[in-house]
Amino acid sequence: MTLRAVLLLFISVGWWRLPAATLPQRRSVVLGVSLATGLVVALALVSGPVLDLLDVDSETFRIATGLVVIVAGAVRMFGVGARVEEYSGKMSWLAPFAYPVLVGPETVVVSLSIGADHGLILAVPVALAAAAAALLVARSSLRSSAAGLVVRAAGVALLVLGVAMVFDGLRDI
């Protein structure tokens with residue numbers, strides 16, 4: 001389960017959806033990646049109190065997380081919202097970088113679920129690895145046809161990992 005959790009958190013942060021950034025745009029990318037990484041770690045940190053407040057146990061939340069990830073994977077698999085092709089403006093670090101590219105609904109629920117199941121010991125290194133991958137992708141110039149293929153492959157991976165997460169939750173109940 002731990003390897004699946006690492007893969008799920010790593011893929012749920014949408015680093016693979018970032019477009020190549022020019023030199024002036026890299027500051028926005030760095031700010032967006034920093035915000036997304038901080039949000040993943042913060043959600044993992046407060047996951048226990050949040051689930052207690054909602055009166056939901058981690059097994060039930062794991063099932064719900066799996067369902068959200070399945071939907072997100074299916075959307076990506078069919079190429080919807082594949083990549084952001086252009087961005088500009090002073091707030092581009094927030095939108096589209098931080099949300100919805102890097103942090104979407106699947107990232108939020110996966111961060112909470114991983115935090116509840118594994119704590120910060122797993123969430124922090126994976127969030128940092130996803131941040132590093134995001135910065136590398138933003139520096140490269142992945143062609144749009146290859147980018148579409150990467151997004152669809154990530155969608156398939158999310159779909160498979162979401163189904164596995166649902167079955168993990170059902171088994172643990």
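Which helix does Thr37 lie in? Thr37 lies in helix H2, and the notes below start from the whole chain and work towards that residue.

1. **Ground rules.** Please keep in mind that this is a predicted model, where local features need pLDDT of at least 70, side-chain atom pairs count only at pLDDT 80 or more, and totals for chains, interfaces and linings use all residues. Residues are numbered from 1 along each chain as its sequence is written, and side-chain values use heavy atoms, with hydrogens and water left out.

2. **The chain.** There are eight helices and zero strands, in the order α-α-α-α-α-α-α-α along the sequence. Helices (H or I, at least four residues) and strands (E, at least two) are DSSP runs, numbered from the N terminus. Of the 173 residues, 45% count as buried, meaning under 20% relative accessible area, while exposed means over 50% and partly exposed lies in between (1.4 Å probe, protein chains only). Among contacts (heavy atoms within 4.5 Å) with a separation of 6 or more, residues 24 or more positions apart account for 95%.

3. **Helix H2.** H2 covers residues 26-45, and its 20 residues reach 28 Å from first C-alpha to last, close to the 28 Å expected at 1.5 Å a residue; the expected span is 1.5 Å times one less than the number of residues. Buried in H2 are Ser28, Val29, Gly32, Val33, Ala36, Thr37, Val40, Leu43 and Ala44. They lie on the same side of H2 because they cover an arc of only 160 degrees around the axis, taken from the directions from the helix axis to the C-beta atoms. Arg27 and Leu45, on the other side, are exposed.

4. A search of the whole structure gives two cavities of 30 Å³ or more. A cavity is a set of points on a 1 Å grid over the protein atoms alone where a 1.4 Å probe fits but cannot get out, and lining residues have an atom within 4 Å of a point.

5. Thr37 is buried, with a relative accessible area of 14%. Not counting residues up to four places away in sequence, Thr37 touches Ala127, Leu128 and Ala131.

Technical notes:
On a 1 Å grid over the protein atoms alone, a cavity is a set of points where a 1.4 Å probe fits but cannot get out, and a pocket is an open set with protein on both sides within 12 Å along at least five of seven lines; lining residues have an atom within 4 Å of a point. Grid points are joined across faces, edges and corners, and a volume is the space filled by probe spheres set on the points.
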